[in-house]
Amino acid sequence: MSDFDILDEEVRSCTLCTLSAKRTNAVPGDGDRKANVMFIGEGPGYNEDQQGIPFVGRAGQLLNEMLASIDLQRQDIYITNMLKCRPPNNRDPLPAEITACGPYLERQITMISPKVIVTLGRYSTANFFPNEPISKLRGKPMPWNDITVLPMYHPAAALRNGKLKDALQRDFQQIPELLDSENADRSSPLQNTLPTTTEERQLDMFAPPPTDKEPTPNSDEEPSTAESGPKQMSFL
Ligand code: URA
């Protein structure tokens, strides 16, 4: 068994948090384990819980369309979620659940070692950049531990809001260029394509916590702020 198979088995038998009690299937992840680009969503919904595969519902269909628009297919990418089990009624992830599941995601990133990580939605993005709202970060490629992280709105949010869908479509168009520039030189990722100046980005470090109101991907509940949200990933 490969390390990846072992990880998937651990996820399927995981009981580290209470979400395990109500799951039909855990959803470790899917796709090319050697992919150059990795997508990270929030957590499985109803269809994903039924099938044990991420992004197989309506949000997944939109994601597939966006991928097709840049000549990629699902088998070209690796896709997973921050949470590997479905939260009840698709509610927002709880900090304790994110903490419990975090090491699985860390191991996946380490094993895949992608050139580009696309974070889908607030929670996934806050995992890497906890201090700024998704509305400010989306579409901005950010260097992170020798990987380029490109935050985007969640496709489920885009399904509800045409403006977010347009933004998502635009942000997707950056992926081929990012992969190309990563191939050319991984040591100087994308400084020239960052939309904000260094000075602005330094000032942002002292900005108050995000109060962003991106619609919650899996529910209509009010989103919480980063203060009650996930802690930044600690590894690498
Ligand atoms: N939304 C997510 O964040 N992940 C899925 O797998 C499906 C919907």
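**Briefing: fold, sheet, core and ligand shell**

The protein has 11 helices and 6 strands. Both are DSSP runs numbered from the N terminus: helices are H or I with at least four residues, strands are E with at least two. This is a predicted model; local features need pLDDT of at least 70, side-chain atom pairs count only at pLDDT 80 or more, and totals for chains, interfaces and linings use all residues. Residues are numbered from 1 along each chain as its sequence is written.

**Overall packing**

- Of the 236 residues in the protein, 44% are buried. A buried residue has 20 or more other C-beta atoms within 10 Å of its own, an exposed one 12 or fewer, and a partly exposed one falls in between; C-beta atoms are placed from the backbone.
- Among contacts with a separation of 6 or more, 76% join residues 24 or more positions apart. A contact requires C-beta atoms, placed from the backbone, within 7 Å.

**The sheet**

- An open sheet is formed by 6 strands in the order β1-β3-β2-β4-β6-β5, with mixed pairing. Two strands pair if DSSP finds at least two bridges between them.
- β1 (30-31) and β5 (142-144) stand at the edges. Each has a single partner strand, so one side of each lacks a neighbour in the sheet.

**Strand β6 and its partners**

- β4 (residues 116-120) and β6 (residues 147-152) pair in the parallel sense over 5 bridges.
- Within β6, T148 stands opposite V116, and M152 stands opposite L120.
- β5 and β6 pair in the antiparallel sense over 3 bridges. Here W144 stands opposite I147 in β6.
- β5 and β6 also form a hairpin with 2 residues between them. N145 in the turn has a positive phi of about 50°.
- Is β6 buried or exposed? Its buried residues number 6 of 6, so β6 is largely enclosed by the rest of the structure.
- Both faces of β6 are covered. I147, V149 and P151 are buried on one side; T148, L150 and M152 are buried on the other.

**The nonpolar core**

- The largest nonpolar core has 49 residues. M38 and V118 have the most contacts inside this core.
- Helix α5 (residues 95-112) supplies the largest share of this core, 7 residues.
- Such a core is a set of buried Ala, Val, Leu, Ile, Met, Phe, Trp, Tyr and Cys residues joined through C-beta atoms within 7 Å.
- In soluble globular proteins, nonpolar side chains tend to be buried together.
- Leaving out residues up to four places away in sequence, M38 touches I77, Y78, I109, I112, P114 and I117.

**The ligand shell**

- The ligand is surrounded by 14 residues, and the closest are G41, E42, G45, E48 and P54.
- The shell has 6 nonpolar, 6 polar and 2 charged residues. Ala, Val, Leu, Ile, Met, Phe, Trp, Tyr, Cys and Pro count as nonpolar; Asp, Glu, Lys and Arg as charged; the others, Gly among them, as polar.

**Two individual sites**

- K136 is found in helix α7 (residues 134-137). It counts as partly exposed because it has 17 C-beta neighbours inside 10 Å.
- K136 and P151 lie 15 residues apart in sequence and 9.5 Å apart in space, C-alpha to C-alpha.
- S13 is found in the loop between α1 (3-12) and α2 (19-22). It counts as exposed because it has 9 C-beta neighbours inside 10 Å.
- S13 and A26 are 13 residues apart in sequence and 8.0 Å apart in space, C-alpha to C-alpha.

Key
Two residues are in contact if their C-beta atoms, placed from the backbone, lie within 7 Å. A residue is near a molecule or strand if its C-beta atom, placed from the backbone, lies within 6 Å of it.
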